[in-house]
Amino acid sequence: MKQFDPELCSLIDEVDALRHTRDDTWQIPRVEGEMLYQIALSSGAKKIVEVGTSYGFSGLSCGTGYTLGVAAVDAAGNVSGTATTTVTTVACPDTSAPSVPTGLAASLVTQTAVTLSWSPSIDNVGVTGYRMFQNGTQIATWLAPGYIFGGLSCGTTYTLGVAAVDGAGNVSATASTTAATAACGDTAAPSVPSALTLTGVGQTSATIAWSASTDNVAVTGYRAFVNGTQAGTTAATSYTVNGLACGTTYSLGVAAFDAAGNTSSQATISAATATCSGGGAGAANVFVAPSGSDTTIVREANAVPSKPPSARTPSDCDT
Ligand SMILES: [Ca+2]
Ligand SMILES: [Ca+2]
């Protein structure tokens with residue numbers, strides 16, 4: 001609290017001087033019993049004012065307490081005691097921005113959200129809130145450290161920022177950090193294997209090969225199918241199916257799968273195994289035509305003739 005000079009001696013001197021000059025210069029009416037008022041400024045200066053009961057002080061500092069005083073003076077220069085009051089001028093405008101937030105840290109990361117925390121900013125008056133930024137764009141205001149950035153995309157890196165604000169609208173610089181959301185769940189199947197070809201065939205086996213599939217994450221392997229039934233898996237781009245029957249046509253298929261279990265559609269190719277040889281799978285049938293290649297007239301191998309050879313007639317062989 002600034003104090004005005006309580007000493008009134010100089011005031012008296014001033015009044016004495018006025019009394020000698022006011023007729024010529026100040027033209028203060030010389031009326032018996034008239035009261036003048038002395039205003040004691042906090043700076044220590046004093047001022048004589050004419051009769052009145054109010055005075056406006058100017059040139060004071062904002063946000064500062066003052067003691068203001070007034071004393072009465074009569075025409076004879078007699079000065080009263082001083083009455084005082086205290087007053088504080090209006091607070092100074094806040095032109096200082098809060099400190100920049102520090103200690104930014106991302107936590108509780110999910111596929112779609114990241115929680116950003118930070119240390120509170122400080123301000124000459126008071127921090128009233130924070131502005132939140134996502135990739136440089138303000139998306140929200142927040143009252144206290146700790147904000148959840150939501151609605152994010154999985155497997156994506158974001159720049160997250162925060163700036164402090166005070167009641168006068170002063171804004172700190174923006175502090176930023178980067179954070180990546182959790183990896184996306186894989187729901188996309190690999191591409192269908194292409195360029196499926198039959199690269200080898202035997203009486204009981206067939207080998208197929210194809211061009212590698214692609215995937216949004218990675219192809220783990222391939223499932224091989226025989227007539228629609230899975231026969232096995234491989235990480236390679238070829239597969240040999242065994243245990244087939246000779247002289248038989250099969251539908252061979254292959255489909256790619258990823259680590260999440262997503263499987264592509266099948267690519268298929270028709271494959272005929274090699275013709276059966278004697279003693280092979282066709283041994284159950286006996287050719288009766290002289291050439292041994294008649295495919296329309298056959299007899300079951302275990303058919304027992306109903307008559308001994310000596311009793312047979314040609315017609316016995318027709319059925
Ligand atoms: Ca401030
Ligand atoms: Ca995938």
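One term before we start: two residues are in contact if their C-beta atoms, placed from the backbone, lie within 7 Å. With that, take Leu152. Leaving aside neighbours within four places in sequence, Leu152 is in contact with Thr112, Ala113, Val114, Tyr158 and Thr181.

Now the ground rules. This is a predicted model, where local features need pLDDT of at least 70, side-chain atom pairs count only at pLDDT 80 or more, and totals for chains, interfaces and linings use all residues. Residues are numbered from 1 along each chain as its sequence is written, and chains are lettered from A and ligands numbered from 1 in the order in which they are written.

How confident is the model? pLDDT is the predictor's confidence in each residue, from 0 to 100. Its mean over the chain is 80, and 69% of the residues reach 70 or more. Where pLDDT is low, the predicted coordinates should not be read in detail.

On to the overall build. Helices (H or I, at least four residues) and strands (E, at least two) are DSSP runs, numbered from the N terminus. The chain has one helix and 20 strands. Take contacts between residues at least 6 apart in sequence: 62% of them join residues at least 24 apart.

Next, burial. A residue is buried if 20 or more other C-beta atoms lie within 10 Å of its own, exposed if 12 or fewer, and partly exposed in between, with C-beta atoms placed from the backbone. Of the 319 residues, 19% count as buried.

Back to Leu152. This residue is in the loop between strand E9 (147-149) and strand E10 (157-166). Is Leu152 buried or exposed? Leu152 counts as buried, because there are 21 C-beta neighbours inside 10 Å.

Now the cores. A nonpolar core is a set of buried Ala, Val, Leu, Ile, Met, Phe, Trp, Tyr and Cys residues joined through C-beta atoms within 7 Å. The largest one has 17 residues, of which Ala206, Leu252 and Val254 touch the most other members. Which elements give two or more residues to this core? They are strand E13 (206-211), E14, strand E16 (238-241), strand E17 (249-258) and strand E18 (267-272). E17 gives the most, with five residues.

Ala206 is worth a click. Beyond four places in sequence, Ala206 touches Leu198, Gly200, Val201, Val241, Leu244, Tyr250, Leu252, Ala271 and Thr273. There is also a second, separate core of 14 residues, including Val114, Leu160, Ala163 and Ala175.

Ile269 sits in strand E18. It counts as partly exposed, because it has 15 C-beta neighbours inside 10 Å. Its contacts beyond four places in sequence are Leu196, Leu198, Ile208 and Leu252.

Sheets next. Two strands pair if DSSP finds at least two bridges between them. One open sheet has four strands in the order E8-E7-E10-E11, with antiparallel pairing. Strand E8 (137-142) and strand E11 (175-180) stand at the edges with a single partner strand each, so one side of each is left without a neighbour in the sheet. The twist averages 25° from one strand to the next. Within this sheet, five bridges join strand E7 (residues 127-134) to E8. One of the bridge pairs is Gln134 with Thr137 in E8.

Now a hairpin. Strand E14 (residues 219-226) and strand E15 (residues 229-234) pair in the antiparallel sense over five bridges. Phe225 has Gln230 in E15 as its bridge partner. Two residues lie between the strands, and Asn227 in the turn has a positive phi of about 50°.

Leu108 has a positive phi near 50° and is not glycine. Leu108 lies in the loop between strand E5 (102-107) and strand E6 (114-119), and counts as exposed because it has 10 C-beta neighbours inside 10 Å. Ala195 also has a positive phi near 50°. Ala195 lies in strand E12 (residues 194-201), and is exposed, with 10 other C-beta atoms within 10 Å.

How values were computed:
Axes fitted to C-alpha atoms, helices over the stretch in contact; angles between N-to-C directions.
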